Amino acid sequence: MGPLRSVVLAGGGTGGHIYPLLAFADCLRRHDPGVRITCVGTPKGLENDLIPPHGYDLRQIPAYQLPRSVNMNLMRTPDRMWKAARAAGKVIDEVRANVVIGFGGYVSVPAYLAAWRRELPIVIHEVNVPPGVANRLGMKFTKHVAVGFPHQPAQAESLRNARVVGVPLRRGITGIDRVAHRAAARQQFGLHPDLPTLFVAGGSQGARSINLAVAGAAKSLAAAGVQVLHVIGARNEPVNVPHDLPVPYVTLPYLSQMELGYAAADLMLGRGGAMTCAEVAAIGLPTVYVPYPHSNQEQKRNALPVVEAGGGLLVDDSEMTAAWVEHTVIPLIRDPRRLAAMGAAAAGYGRRDGDEALLDFVYEAVAG
């Protein structure tokens with residue numbers, strides 16, 4: 001048995017924090033079936049829907065939204081932060097953890113505080129630039145910081161000494177052979193086995209601008225012989241797609257097995273979330289990125305290196321229209337040689353071993 005007897009994993013709120021946590025938990029278990037894995041989350045986070053079905057122990061602790069600026073007064077003032085840290089500490093003590101690994105989200109902060117007070121090793125995994133506020137605070141307590149992408153240390157002073165390990169991704173995604181699974185995936189969605197296939201998905205919440213643009217181009221796509229698999233997003237209005245199209249245009253509110261969508265696709269059109277960028281690059285899927293505009297541009301920063309490597313296209317949300325889809329996406333998806341070159345470039349940039357590389361880093365931190 002390795003040096004890990006009991007591990008606490010902290011991360012919650014959004015899929016971008018929870019999916020790498022789950023992929024890493026699977027990696028831990030593969031290497032050591034006897035290791036105790038305990039996840040901490042909040043009562044309201046998405047982690048409640050995702051972690052227990054994967055067979056991992058989820059303990060709920062209170063967590064609170066943090067101000068956007070990080071300083072030591074932030075921790076000294078709120079009483080409730082210490083209350084949350086006490087709750088996290090109880091979990092850490094009960095399971096006798098020998099390391100806390102955080103993936104971001106507000107629930108990570110009490111776990112970092114509790115581990116720091118117990119002088120336990122803390123490992124932080126961060127996928128964004130700038131780092132999220134929870135991980136920025138955690139970085140005050142540990143030097144063991146890992147990042148998902150090579151551009152992060154160059155773009156953020158706080159990450160300049162971080163180890164680039166990649167993003168832990170589920171084996172269901174990294175292990176998929178898109179060519180071998182294409183026919184079965186298309187059949188599952190009711191798609192034609194041989195037509196060029198555009199896969200549209202705007203992240204876990206969907207993206208209204210993307211939905212409207214692609215649905216608006218439905219007739220032109222169909223006339224060009226392009227079929228569409230379109231994940232609308234659970235919180236979005238259904239899109240109006242003409243009923244008399246000569247080729248399939250399949251809409252879904254949500255897709256839990258994204259690997260099936262990836263396998264069905266010749267080209268993807270979506271946002272630039274860190275998980276999307278990591279997944280499509282790892283499997284060599286050419287992608288049109290439409291970064292979310294109302295933020296600190298982190299999605300643009302995520303997508304740009306893949307695009308600069310030749311693995312996709314980048315378009316501003318404001319330019320994402322039906323006309324743009326007609327003029328740019330249709331010629332691209334009907335050009336197999338260009339798609340193949342893009343896919344190879346994406347795969348050259350991406351990596352499939354983020355889970356293993358992070359595990360090596362955790363072993364180092366615990367041994368040190």
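Tutor: Two strands pair if DSSP finds at least two bridges between them. Helices (H or I, at least four residues) and strands (E, at least two) are DSSP runs, numbered from the N terminus. This is a predicted model: local features need pLDDT of at least 70, side-chain atom pairs count only at pLDDT 80 or more, and totals for chains, interfaces and linings use all residues. Residues are numbered from 1 along each chain as its sequence is written, and side-chain values use heavy atoms, with hydrogens and water left out.

Student: What makes strand S9 and S10 a pair?

Tutor: Strand S9 (residues 227-231) and S10 share 4 bridges, in the parallel sense. The cut-off is at least two bridges, so they pair.

Student: Which strands form the open sheet, and in what order?

Tutor: The order is S10-S9-S8-S11-S12-S13, 6 strands with parallel pairing.

Student: Why are strand S10 and strand S13 said to stand at the edges?

Tutor: S10 (249-252) and S13 (312-314) each have a single partner strand, so one side of each lacks a neighbour in the sheet. From one strand to the next, the twist averages 15°.

Student: What packs on this sheet?

Tutor: Helix H10 (residues 208-216) touches strand S8 (197-201), S9, S10 and strand S11 (267-270). Contact means heavy atoms within 4.5 Å. The direction of H10 makes about 160° with that of S9. Axes are lines fitted to C-alpha atoms, for helices over the stretch in contact, and angles run from 0 to 180 degrees between N-to-C directions. Helix H15 (residues 322-333) lies across S8, S11, strand S12 (287-289) and S13, at about 150° to S11.

Student: Why is Gly-16 called partly exposed?

Tutor: Buried means under 20% relative accessible area, exposed over 50%, partly exposed in between (1.4 Å probe, protein chains only). Gly-16 has 30%, so it counts as partly exposed. Gly-16 lies in helix H1 (residues 15-31). The unreviewed UniProt entry lists Gly-16 under "binding site", along with others including Thr-14 and Arg-170. UniProt positions are given in the numbering used here, feature names are shortened, and annotations may be inferred rather than shown by experiment.

Student: Where is Arg-170?

Tutor: Arg-170 sits in the loop between strand S7 (163-164) and helix H8 (171-174). Neighbours within four places in sequence aside, Arg-170 contacts Ala-23, Ser-256 and Glu-259.

Student: Which elements do the buried residues of H1 pack against?

Tutor: Among them are strand S1 (6-10), strand S4 (99-102) and helix H17 (354-367). The buried residues of H1 include Ile-18, Leu-21 and Phe-24.

Student: Why is the pair of Phe-24 and Phe-103 called tilted?

Tutor: Rings of Phe, Tyr and Trp (its six-membered ring) pair if their centres lie within 6.5 Å; planes under 30 degrees apart count as stacked, over 60 as edge-to-face and the rest as tilted. Here the centres are 6.2 Å apart and the planes at 50°, so the pair is tilted. Phe-24 lies in H1 and Phe-103 in the loop between S4 and helix H5 (108-117), so the pair ties together parts 79 residues apart in sequence. Phe-24 and Phe-103 are buried.
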